[in-house]
Amino acid sequence: MENKDYQKRVAAIHDLSGFGKCSLTVALPILSAAGIEACAMPTAILSTHTGGISGYTYRDLTSDMRAFMQHWKSLDIQFDATYSGFLGSFEQLDLVKEFFELFRSKNNLILVDPVMADNGELYRIFQPEFATGMRSLCRKADIIVPNLTEAALLLEESYHPGPYTQAYIEKILKKLSKLGPKKIVLTGVYFEEKKLGAATYDQRKDSTDYLFSERIPGSYHGTGDVFASALLSGLLNNFSLSESAQIAVNFTADSIRRTYNVKTDYRFGVNFEQCIPNFLKELKLI
């Protein structure tokens with residue numbers, strides 16, 4: 001039986017943007033609020049995130065990452081999960097694989113959010129071979145959380161805009177599971193314009209679930225990081241894959257809705273902080 005006082009620990013491998021809510025500035029507070037110790041390995045440091053903002057500073061931390069992980073290993077730090085997101089260089093893909101092997105244990109969970117594309121296009125900072133490298137990284141994961149653009153790149157297929165059919169989504173999920181990860185959470189799924197959410201697939205159970213919320217107008221930066229951080233929070237609080245995905249869908253939608261209602265500049269990220277109390281209620285922590 002699990003000790004109720006045991007605190008789980010996550011290694012979060014993401015970039016750090018000083019302004020604009022995404023990556024580490026999203027992952028750390030969400031995981032911490034969920035009662036999880038979050039340890040940051042920054043892949044790059046930026047003055048702001050890159051979505052719709054120009055003139056940002058960017059410092060690549062590739063050369064620091066191996067020393068970072070080796071110091072953690074020398075301290076015999078153990079992690080219940082490793083969670084990787086935006087990687088700042090092609091070389092970091094191999095460094096993260098090295099991290100997975102260095103800290104792999106019998107029960108730890110590896111979650112990869114293959115951050116590299118959206119709306120049918122690879123992010124401009126990446127070359128096409130980055131998708132090949134990300135495919136190799138995803139083979140090492142237990143769970144991957146791609147959007148539909150990233151799924152198409154991982155499968156070397158053409159991107160198709162929605163709305164989608166259930167048959168199409170289930171075909172994508174099963175193909176992704178053949179890359180290596182046994183559990184898939186696919187975001188940006190919708191069958192009708194009024195609902196948006198995610199689909200989960202558990203290869204061992206051969207089970208698929210769909211989790212939706214009301215679609216809110218607009219496009220918002222950082223929502224993938226909010227979703228994946230909430231998903232991992234659910235999993236580490238012993239919720240099932242589909243339950244965790246529903247918690248993540250609800251939290252992300254609540255954050256977007258609050259942002260939409262107050263008309264915050266879409267470039268600044270979503271107002272997730274004020275949604276944390278409801279998130280914790282769903283996690284049964286308060």
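1. In this predicted model, Arg257 and Asp254 form a salt bridge whose closest N and O atoms are 2.8 Å apart. Both residues belong to helix α8 and are three residues apart there, so about one helical turn separates them. Arg257 is partly exposed, its relative accessible area being 27%. Asp254 is likewise classed as partly exposed, with a value of 24%.

2. A second pair, Asp94 with Lys97, is joined by a salt bridge at 3.5 Å, N to O. Helix α3 (residues 90-103) carries the two residues, which are three residues apart and hence separated by about one helical turn. Asp94, at 48% relative accessibility, counts as partly exposed, since the exposed class begins over 50%.

3. The side chains of Lys21 and Glu273 also meet in a salt bridge, with an N to O distance of 3.1 Å. Lys21 sits in the loop between β1 (9-19) and α1 (24-33), and Glu273 in the loop between α8 (241-262) and α9 (276-282); the pair therefore ties together parts that are 252 residues apart in sequence. Glu273 is partly exposed, with a relative accessible area of 37%.

4. How many salt bridges does the structure hold? The total is nine. Among them are the Arg257 and Asp254 pair, the Asp94 and Lys97 pair and the Lys21 and Glu273 pair.

5. Attention may also be given to the nonpolar surface. Tyr56, Tyr58, Tyr123 and Ile125 form a nonpolar patch there, and together they present about 350 Å² of accessible area. One of these residues, Tyr56, is located in the loop between β2 (37-48) and β3 (58-60). Tyr56 has a relative accessibility of 31% and so counts as partly exposed; that value meets the requirement of over 30% for membership of a patch.

6. Finally, the annotation should be read as a record entry. In an unreviewed entry, UniProt places the feature "domain: Pyridoxamine kinase/Phosphomethylpyrimidine kinase" at residues 32-264. In the model, this span is 40% helix and 22% strand. The C-alpha atoms at the ends of residues 32-264 lie 25 Å apart.

Definitions and conventions. Residues are numbered from 1 along each chain as its sequence is written. This is a predicted model: local features need pLDDT of at least 70, side-chain atom pairs count only at pLDDT 80 or more; totals for chains, interfaces and linings use all residues. Side-chain values use heavy atoms; hydrogens and water are left out. UniProt positions are given in the numbering used here, feature names are shortened, and annotations may be inferred rather than shown by experiment. Helices (H or I, at least four residues) and strands (E, at least two) are DSSP runs, numbered from the N terminus. Patches are made of residues with over 30% relative accessible area and no salt bridge: like charges are joined within 9 Å, nonpolar side chains (Val, Leu, Ile, Met, Phe, Trp, Tyr) within 5 Å. Accessible areas come from the Shrake-Rupley method with a 1.4 Å probe; for residues, only the protein chains shown count as cover. A salt bridge is a side-chain nitrogen of Lys or Arg within 4 Å of a carboxyl oxygen of Asp or Glu. Buried means under 20% relative accessible area, exposed over 50%, partly exposed in between (1.4 Å probe, protein chains only).
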